[in-house]
Amino acid sequence: MSSLPAPEAPAAATAPAVVVRTVPLDSEESLLAYLPAAGADGQPETLVSWVRRGDGLVGWGTALEFSAMGADRFRAAEAWWRSVASRAVVRDEVGVPGTGLVCFGSFPFADDSSDSARLVVPSTIVGRRDGQTWLTSVTLEPQLRPLEAPTVASDPPSPVGVTFADGSVSPSDYAHAVAEAVQRISSGRLDKVVLARDLIATAREPIDPRWVLRRLAERYENTWVFAVAGLLGATPELLVRRDQGLITSRVLAGTIRRTGDDEADLALAASLARSSKDLEEHEYAVRSVAEALAPHSSSMNVPEAPFVLHLPNVMHLATDVAAVSADDASSLTLAASLHPSAAVGGTPTAEAVALIGELEHMDRGRYAGPVGWMDARGDGAWGIALRSGAILPDDPTSIRLYAGCGIVAGSDPESEVAESNAKLIPMRDALTSS
Ligand SMILES: C=C(O[C@@H]1C=C(C(=O)O)C=C[C@H]1O)C(=O)O
């Protein structure tokens, strides 16, 4: 009888035990102001952020990190996190979602991406929820140490001499891909596919992510401003949040560009809310989220009609789905079961993802994948990494920006190029304006 291969060592045996302490912090300072400048021991990619309207989490330093690739990346990350959480010694004097042990994560969109999923446990975290601020420290030392209050960092320098160049998909390549997708949709093989393109921005000096994050937070208050392992952005789309038994998701699909004239924009918002092309695109996205959450929920509220979400650059049809959690699936497990939603993949999912692989000619990396945070209880929030860019790992002066659009039977290639340009505005402006 041939012997079976030895089972893999359980991750719990390898994840080191961390000591975690959370204390209240008396502060009204903006969270992003705490992020330290990159230095010899603080490379820019160790900064993490998940901030909206002043609340959220920022962190720096790396106590632990994990990476995984391929189709198994979510499961591997979840297993690692459980092992870390089970071995952690935690003293939490605040006790709300986001205190105690917390990781930040970012996942590639595609199973075959050459990029890897990352989970990071920062050594210092400053968080705020409903005006209550706290400080968390994570160490590998067996002793609890007294915590030092974090200091407000100096203002980050603005990027200098930024130029933009086509990435792997030029606007005309993109228009061709959209036209081809419309044909495939007309031939009945699928209903919707989301196609994306990229742009490379290059500065004269390494880009300070803190500059970008501050600009995004100032201008895009209806978004979550995120940073994980060099991926930065301001996403208006919440894939899923689990907060003490309540599950929520903000689904976006259906977009119109803003003109800058408030009255004209109101008329456009009304036309978006009536547009059958956009309502159809939106319906696919809402349905994909409701179906994926159903097995984990005891009751769910899906509003019948979307509202219009106003951002400075675009307006979207939006639906907030709410559900009561029926099992102990963590926020990451929920995010994994929702990914890729029809907002960034298409309908049906398998056909759409295959068509993206065929027509897009680009590795999305972690763009359009889940990005967010999770605590030791599994509560957390995961956005879809949109309106974002990834600092090139081997060239910190450059960042690859991405934008995509949902394509349905009625889509027009030139309008989709224009829509993708509008979706690039937040990151372009954050890199160029003073
Ligand atoms: C794919 C992106 O955005 C998604 C596509 C949308 C659309 O096509 O209407 C709207 C919001 C997002 O779900 C992006 O910003 O890159």
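A crossing of two helices is called left-handed if the near helix is turned anticlockwise from the far one by less than a right angle, and right-handed if clockwise. The crossing of helices H3 and H9 is right-handed. Helices (H or I, at least four residues) and strands (E, at least two) are DSSP runs, numbered from the N terminus.

The structure is a predicted model, in which local features need pLDDT of at least 70, side-chain atom pairs count only at pLDDT 80 or more, and totals for chains, interfaces and linings use all residues. Residues are numbered from 1 along each chain as its sequence is written.

**Confidence**

pLDDT is the predictor's confidence in each residue, from 0 to 100. The protein chain has a mean pLDDT of 93, and 94% of its residues reach 70 or more. Over residues 1-13 the pLDDT is below 50, and this stretch has 7 contacts in the model beyond near neighbours in sequence. Two residues are in contact if their C-beta atoms, placed from the backbone, lie within 7 Å. For the complex, the predictor gives an ipTM of 0.98 and a pTM of 0.95.

**Helix packing**

Two packed helices are described by the angle between their axes and the distance between the axes. Axes are lines fitted to C-alpha atoms, for helices over the stretch in contact, and angles run from 0 to 180 degrees between N-to-C directions.

| Helix pair | Axes come within | Crossing angle |
|---|---|---|
| H3 (residues 171-186) and H9 | 8 Å | roughly 130° |
| H4 (residues 209-219) and H9 (residues 413-432) | 9 Å | roughly 125° |

Angles under 35 degrees count as roughly parallel, over 145 as roughly antiparallel, 65 to 115 as roughly perpendicular and the rest as oblique. H3 and H9 are therefore oblique to each other. Their contact joins Pro171, Tyr174, Ala175, Val178 and Ala179 of H3 to Pro413, Glu414, Glu416, Val417 and Ser420 of H9. By class, this contact of H3 with H9 has 7 nonpolar, 1 polar and 2 charged residues. Here Ala, Val, Leu, Ile, Met, Phe, Trp, Tyr, Cys and Pro count as nonpolar, Asp, Glu, Lys and Arg as charged, and the others, Gly among them, as polar.

H4 and H9 are likewise oblique to each other, and their crossing is right-handed. In this pair, Val212, Arg215 and Leu216 in H4 meet Pro426, Ala430 and Leu431 in H9. The contact of H4 with H9 has 5 nonpolar, no polar and 1 charged residues.

**Surroundings of the ligand**

The ligand is surrounded by 17 residues, and the closest are Thr255, Ala343, Leu386, Gly404 and Gly406. Strands S11 (192-202), S15 (246-257) and S23 (395-407) are the elements that give two or more residues to this shell. A residue is near a molecule or strand if its C-beta atom, placed from the backbone, lies within 6 Å of it. The shell divides into 9 nonpolar, 5 polar and 3 charged residues.

**Backbone features**

Most residues other than glycine have a negative phi, and most peptide bonds are trans. Gln244, which is not a glycine, has a positive phi of about 50°; Gln244 lies in the loop between strand S14 (238-243) and S15. The peptide bond from His339 to Pro340 is cis, with omega near -10°, and Pro340 is in the loop between helix H7 (331-338) and strand S19 (346-347). The bond from Thr347 to Pro348 is also cis, with omega near -10°, and Pro348 is in the loop between S19 and helix H8 (349-359).
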